[in-house]
Amino acid sequence: MSTNWISKRDRKNEVKQRAAEPSSMFSRCRVVGCGKPARAGTDDGLDMRFCRQHADHYSRHGSPYRRSFTAKELAPYRKAANAWLEAHAEDQWVRNAVDRVETLYRAAGPYIEAFRLRGLSPEERARAAWARLRKAKIEAPRIVAAWIAVELAIAADPQADRKPEYKRVQAAKLIHKMASGSHKRWETGPGGVRELHVYPRSRGRVLRYLGEDIEEATALLMQHLANAGDLTTRHTAIR
């Protein structure tokens with residue numbers, strides 16, 4: 001029995017034991033208007049900030065109260081971002097962002113089928129997502145456009161959660177869909193065909209790692225756009 005497996009088992013048992021001992025210190029979820037206790041105030045977990053409902057929402061969307069943008073809501077911003085990138089493809093800042101995304105592809109390691117992700121850490125799953133994007137031949141400018149589109153959507157939304165984490169998760173969810181999942185199809189005998197379709201879950205720390213990667217890759221471009229006022233111009237044009 002490996003030492004690593006034993007440490008994981010002991011950690012799991014420790015967390016389970018701590019979760020079974022609710023603390024009265026965490027009697028309220030931090031979301032305004034929610035009267036439920038935080039999970040640490042129950043026997044349902046260790047979260048000291050949110051109840052089960054808002055903790056799950058936060059994990060999926062990057063905000064405990066704001067939902068994700070829909071594909072329809074993001075569509076005009078993605079169109080504008082793609083058009084701008086195409087028109088400025090030779091700009092040094094655009095080339096820098098594209099090169100950085102391509103570096104993420106190269107550094108992602110071998111392709112791993114979606115149904116073989118079990119047991120991997122969130123960071124490893126994030127690298128696997130980059131490998132899936134690479135295998136799916138998703139062009140790097142599309143990744144850069146996804147980040148710009150989310151920036152524009154948040155700028156246009158007066159009720160958006162403007163914390164960096166929300167932006168990272170929204171961009172990560174957008175590119176996570178581009179790679180889809182893993183699909184297998186095989187013959188099982190005369191006239192028999194079996195199919196397997198597995199889609200990785202779009203939630204949790206994996207999205208945070210992906211979002212940080214995209215943010216870092218596009219950082220110089222976004223700083224340039226902000227300084228030049230071009231992002232503001234794009235936002236105004238779309239509205």
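**Helix packing and selected residues in a predicted model**

Trainee: Among contacts between residues at least 6 apart in sequence, what share joins residues at least 24 apart?

Mentor: The model is predicted: local features need pLDDT of at least 70, side-chain atom pairs need pLDDT 80 or more, and totals for chains, interfaces and linings use all residues. Numbering starts from 1 along each chain as its sequence is written, and side-chain values use heavy atoms, leaving out hydrogens and water. A contact means heavy atoms within 4.5 Å. Of the contacts between residues at least 6 apart, the share joining residues at least 24 apart is 60%.

Trainee: Which pattern do the helices and strands follow along the sequence?

Mentor: The protein has 9 helices and 2 strands. These are DSSP runs, numbered from the N terminus (helices H or I, at least four residues; strands E, at least two). Read in order, the pattern is α-α-α-α-α-α-α-β-β-α-α.

Trainee: What percentage of the 239 residues counts as buried?

Mentor: Buried means under 20% relative accessible area, exposed over 50%, partly exposed in between, with a 1.4 Å probe and protein chains only. By that cut-off, the buried part of the 239 residues is 39%.

Trainee: How do H5 and H8 lie relative to each other?

Mentor: H5 spans residues 122–135 and H8 spans 205–228. Their axes come within 8 Å and cross at roughly 55°, in a right-handed crossing. Angles under 35 degrees are roughly parallel, over 145 roughly antiparallel, 65 to 115 roughly perpendicular, and the rest oblique. H5 and H8 are therefore oblique.

Trainee: How many residues of the contact of H5 with H8 are charged?

Mentor: H5 brings Pro 122, Glu 123, Arg 125, Ala 126, Ala 129 and Trp 130, and H8 brings Arg 205, Val 206, Tyr 209, Leu 210, Asp 213 and Ile 214. Asp, Glu, Lys and Arg count as charged; Ala, Val, Leu, Ile, Met, Phe, Trp, Tyr, Cys and Pro as nonpolar; the others, Gly among them, as polar. The contact has 8 nonpolar residues and no polar ones, and its charged residues number 4.

Trainee: What handedness does the crossing of H6 and H7 have?

Mentor: H6 (residues 140–156) and H7 (residues 164–178) pack at about 140°, with their axes 9 Å apart. That makes H6 oblique to H7. A crossing is left-handed if the near helix is turned anticlockwise from the far one by less than a right angle, right-handed if clockwise. The crossing of H6 and H7 is right-handed.

Trainee: How many nonpolar residues does the contact of H6 with H7 have?

Mentor: H6 residues in this contact include Ile 143, Trp 147 and Ile 154, and H7 residues include Tyr 166, Leu 174 and Met 178. The contact also has 1 polar and 4 charged residues. Its nonpolar count is 10.

Trainee: How far is the backbone nitrogen of Arg 66 from a polar atom of the Ser 63 side chain?

Mentor: Ser 63 sits in the loop between H2 (52–61) and H3 (71–87). With a relative accessible area of 0%, Ser 63 is buried. Beyond four places in sequence, Ser 63 touches His 57, Tyr 58, Asp 161 and Tyr 166. The Arg 66 nitrogen lies from that side-chain atom at 3.0 Å.

Trainee: What separates the C-alpha atoms of Glu 216 and Arg 100?

Mentor: Glu 216 belongs to H8. Its relative accessibility is 54%, so Glu 216 counts as exposed. Glu 216 and Arg 100 are 116 residues apart along the chain, and their C-alpha atoms are separated by 8.5 Å.

Trainee: Which phi does Lys 137 have?

Mentor: Lys 137 lies in the loop between H5 and H6. At 71% relative accessibility, Lys 137 counts as exposed. Lys 137 is not a glycine, yet its phi is positive, at about 60°.

Technical notes:
Axes fitted to C-alpha atoms, helices over the stretch in contact; angles between N-to-C directions. Polar contact = N/O pair within 3.5 Å; in protein donor to acceptor, adjacent residues only side chain to side chain.
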